[in-house]
Amino acid sequence: MTQQPLILYDIPSSLPDKAWSPNPWKARLVLNAKGIPYQTVWVEYPNIAGLCKRIGAEHTEMRPNGPHYTLPVVQDPNTGAIVSDSFKIAQYLDKTYPDTIRLVPDGTAAFIRRSGLQMSGRRK
Ligand SMILES: N[C@@H](CCC(=O)N[C@@H](CS)C(=O)NCC(=O)O)C(=O)O
């Protein structure tokens, strides 16, 4: 099981320690459902791209003006992994912590991605 708490990068609310941002909430729900210990690092919108570049988190979208960086990002000090995108985070945690509840069963990833259950911004 996990040795060190994971880090969840999330966007702060004006209310202290209150999570509100929809995509980071998906990663938070996954971590909570799996019972994986984590701590939150709050990152203001203007600092998201800088954080991601600094820690080596991938962009989640390519826009005409270049790569676009978003939260959530999860950093796992137990493996060194840094994962962007709420759905990829769920898949990473399923794979890395197989003794926790499985959230993307075999054969369902494409369905989940296409069904709108994965509400991540733009449709391709
Ligand atoms: N596909 C990504 C989308 C993440 C996303 O759009 N996050 C928003 C917050 S809910 C964000 O970080 N936006 C920052 C920005 O657009 O500058 C995911 O599912 O994690």
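User: What should I know about the model before reading it?

Analyst: The model is predicted: local features need pLDDT of at least 70, side-chain atom pairs count only at pLDDT 80 or more, and totals for chains, interfaces and linings use all residues. Residues are numbered from 1 along each chain as its sequence is written, and side-chain values use heavy atoms, with hydrogens and water left out.

User: How many helices and strands does the chain have, and in what order do they run?

Analyst: Helices (H or I, at least four residues) and strands (E, at least two) are DSSP runs, numbered from the N terminus. Here there are four helices and six strands, and from the N terminus on they run β-α-β-α-β-β-β-β-α-α.

User: Which strands form the open sheet, and in what order?

Analyst: Two strands pair if DSSP finds at least two bridges between them. In this chain four strands form an open sheet, ordered β2-β1-β5-β6, with mixed pairing. Strands β2 (38-42) and β6 stand at the edges with a single partner strand each, so one side of each is left without a neighbour in the sheet. Between β5 (residues 73-76) and β6 there are four bridges, and the two run antiparallel; valine 73 of the chain stands opposite serine 84 in β6.

User: Which strands does α3 lie across, and at what angle does α3 run to β6?

Analyst: Axes are lines fitted to C-alpha atoms, for helices over the stretch in contact, and angles run from 0 to 180 degrees between N-to-C directions. Contact means heavy atoms within 4.5 Å. α3 lies across β1, β5 and β6, at about 145 degrees to β6.

User: Which residues of the largest nonpolar core touch the most other members?

Analyst: A nonpolar core is a set of buried Ala, Val, Leu, Ile, Met, Phe, Trp, Tyr and Cys residues joined through side-chain atoms within 4.5 Å. Buried means under 20% relative accessible area, exposed over 50%, partly exposed in between (1.4 Å probe, protein chains only). The largest core has 17 residues, and Leu6, Leu31, Ile36, Val74, Ile89 and Leu93 touch the most other members. Two or more residues each come from β1 (6-10), α1 (22-34), β6 (81-84) and α3 (86-96). With five residues, α3 gives the most.

User: What is leucine 93 in contact with, beyond its neighbours within four places in sequence?

Analyst: Leucine 93 is in contact with Leu6, Val30, Leu31, Lys34, Ile36 and Thr100.

User: How much of the chain is buried?

Analyst: Of its 124 residues, 38% count as buried.
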